Amino acid sequence: MELSDPRRSRGYGKPPWKFAGSALYQLHLVKAETARAFIPKEFRLVEAFGYTLGGFFLASYDDSPAGVFDELVVIAGIVWNPPTSCAWAAKVLVNSDEACDHGRKDVGLPSQVARFSKRITPVLRRPENRRNGFLNMLGVGAYSLKDQMDVQVSEIKDHSALDVCRISLTTIAPALKVDKWSSPVIRMSLPSFSGRTEYNPNLLKYSCQIECRVRLVCPAQVSRLSHALRDDNDQNSRSRGSDPLDLTSEEFMANGQDPSVSVMLSKPILALEFRSLKMQVEAPILVAR
């Protein structure tokens, strides 16, 4: 049953909702114990040897119903939905009030408003590795001209900012013109469960239809930042690098930190860059218990 909410965000209009931009989709091995802290108990986690598949989706949209905005989706893990499986988002951070309101009310996501501070550092060209020749022919090899981008994400709460994490990733230098055939076009459907939040207590299921050019890249490095709340005008707050500790979400909460960071600090296994991204989000449907 498709949901029809009269409170639906005005700027978004009727579904499907369409987005365009670029993104990094990074998969991690997440401890099952960590993932279960975010997933409703009635779901069975897809796991093996004590781990499930989670990670994050970092996107920058230049066209959407809410205009230009950035988004970080932390994926806690995968749950069974016979005969397939669905992802479950532990947290969604966006730097748009309208996008946050839409995610909460219309899609049932645990959305919060955040600040995305970006810093780009040019990286000198490095010689190509012969071993990457075959990958380059397939369009999945590494570029020799790169920029280093640091994205610091801070959640906004009551006019104060809670530092969440810093993501360091390698991007294609703007001066480099990428041949439109340098990477293949893929089309995929990413089904997800949502809901069970204070803004939408229903259990929902929705799907994202994605078309983009995909490229294999080095995994981004995630650093844990200071968990102290600071005022927006306070520029003296210092970040703290992540410790090589595999903490669970409960241990992060005990330390006064955002538990979703424990997912992002888990072991990365695959990183994909999505360019020329076109994403269509279908209307959520109500899931019977």
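Trainee: Is S111 buried or exposed?

Mentor: First, this is a predicted model, where local features need pLDDT of at least 70, side-chain atom pairs count only at pLDDT 80 or more, and totals for chains, interfaces and linings use all residues. Residues are numbered from 1 along each chain as its sequence is written, and side-chain values use heavy atoms, leaving out hydrogens and water. Buried means under 20% relative accessible area, exposed over 50%, partly exposed in between (1.4 Å probe, protein chains only). S111 has 2% relative accessibility, so S111 is buried.

Trainee: Which residues is S111 in contact with, leaving aside neighbours within four places in sequence?

Mentor: S111 lies in strand β5, residues 111-123. Strands (E, at least two residues) and helices (H or I, at least four) are DSSP runs, numbered from the N terminus. Contact means heavy atoms within 4.5 Å. The partners are V92, C100, G103 and R104.

Trainee: Which elements do the buried residues of α2 pack against?

Mentor: Helix α2 spans residues 97-107. Its buried residues are A99, C100, H102, G103, R104, D106 and V107. They pack against β1 (17-31), β3 (69-81), β4 (84-94), β5, β8 (185-195) and β9 (203-216).

Trainee: Which residue follows α2, and what is its phi?

Mentor: The helix α2 is followed by G108. Its phi is positive, near 75°.

Trainee: Is L53 buried, partly exposed or exposed?

Mentor: L53 lies in strand β2. Its relative accessible area is 32%, so L53 is partly exposed.
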